[in-house]
Amino acid sequence: CKYIHLPNLFETMVASLQHRRYEPKVASARQWQNPVLISIGALILITLTNYISIAKYVNQNEKKALLTSNNLPRPSSSSTTRLLRKANALTSYWWPSQDDGGLIAKIYNVQHPADCSSPSTKFFVLRSLMKNDRDTRGLTAFAHAASSHLLHALTDGDKFKKFGSRILITDDVMWPMARNCANGPETRECYFEPLTSCNLSDVDPMNTSNSSAFLKDSSDEYDRSIRTLYSARKKWFRLTGQKYSWTGLGGGDLDHSTIFMLAATLAYYLRPNPYIREQIDKRLRQSLPADIDPDRTIGVPIRRSDKCYGHTLEGSARGELDCPALDVYLNGVKQFVDFDPLVENVIVTSEDKAACDEFVELVKKELPQLRIILNVGDVQQGTGSGSMLEAYVDQASNEDVVVSALTSMHMHLRARYFVITSLSTWTSTIAVMARVYGFASEVYVHDVGRNRNLFAALARKGCEPLTGERGK
């Protein structure tokens, strides 16, 4: 570039001027009276000044660009958008947050009132089961119950327009999956963010008849003017018909998607606390290849063990289905590979180690072109039940099991195609969360064990079943 020679030219001019300074004054005067030399000197000085200014500008902007690029991957940076933070977390931790706005932010704001002690702040206390230590529900079964109770609280049992919302808060009874928690209380807060900024000290005790009441059954009616309502101590919950009534959005449930509301309530419940986020992040970085393309990935979350009829696992829930043969899962994978020859990866996870290992060998034999992605360090405890997690694998804590399971769920958000059994709440939840919060451009589901309810339909196709479809 020509400007590289400018400093040399300037030095030559300065040296020439210094030399001429020692010549007779008359000769020096004659030289400076030459208008051509004056013009050249001025031009060189102007050019040199511009050169220095441009160099400083480029240097400052290079530093600024470097600073910006360094900040992009950091989820905590306020200058980055949700999409950029998500894109930069393809192989690390990401989960929807209230900082992203939308439904989760709306839920968060309701659950974090300005004054928890105000008489106008109403509560719905989610109570544990009577025989809590024998509660065999798994992670997503708990999440679904809490999601439904959260909608009950937000709509106050479909009476929001007249009575407003309640704050959902859980009791402090030991949560089976948090037994012997090393990093928090023996409640869901061992692993997850609190549901609310309020405390149990803010609610009215059950013996204050004028300000509290409790439900014997989830479908019971109640006086909505009371400040504190306690849930029934049963597994089931009240179904909310007007899920969007509390949001202020016009059109309500007729104009807005059921799957977005259910996914948002589940995501809100399943927000890991900082310690668990760190553990999930470490496992994701170990398990996910740097070049994974979600649009070229199949997810196969195999649910077996205690889910199958006839299992002999002591302390687990009773079986609920005839578990499909692994060849049936493999045929589902083949179907997607035939549909999309660009598929490169298959994510395989299961709580059942034997089933997972056997399926991996089938894929290696039948579809050797696929890269198999596994949850590195997965405990694979052999059950999805929550009451005795630590009893099934030697030297494995409840925390290890929960972190392993959450990591598997997070991994599957990086897939486009899914082979699931919708008779499993676990695999259906993965499909629903992938549809709403996943990294792929779209989601397709092959259901090898069909259930006939609303959530199964949402998992399969993302919308509610047509009239009469639930019975098919």
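Modeller: Cys-463 counts as partly exposed, at 36% relative accessibility. Partly exposed lies between buried, under 20% relative accessible area, and exposed, over 50%, with a 1.4 Å probe and protein chains only.

Colleague: Is Cys-356 buried or exposed?
Modeller: Cys-356 is buried, with a relative accessible area of 4%.

Colleague: What sort of model is this, and how are residues numbered?
Modeller: It is a predicted model, where local features need pLDDT of at least 70, side-chain atom pairs count only at pLDDT 80 or more, and totals for chains, interfaces and linings use all residues. Residues are numbered from 1 along each chain as its sequence is written, and side-chain values use heavy atoms, with hydrogens and water left out.

Colleague: How many disulfides are there?
Modeller: Two disulfides, a disulfide being a pair of cysteine sulfur atoms within 2.5 Å. One joins Cys-181 to Cys-190, S to S 2.1 Å.

Colleague: Which hand does the link of Cys-181 and Cys-190 have?
Modeller: Right-handed, with 95 degrees about the S-S bond. Cys-181 is buried at 16% relative accessibility, and Cys-190 is buried at 3%.

Colleague: And what does Cys-116 pair with?
Modeller: Cys-198, with the sulfur atoms 2.1 Å apart. That link is left-handed, at -85 degrees about the S-S bond. The pair links distant parts of the chain, 82 residues apart: Cys-116 is in the loop between helix H5 (102-111) and strand S1 (123-126), and Cys-198 in the loop between strand S2 (167-170) and strand S3 (212-214). Helices (H or I, at least four residues) and strands (E, at least two) are DSSP runs, numbered from the N terminus.

Colleague: Are Cys-116 and Cys-198 buried or exposed?
Modeller: Cys-116 is buried at 13% relative accessible area, and Cys-198 is buried at 5%.
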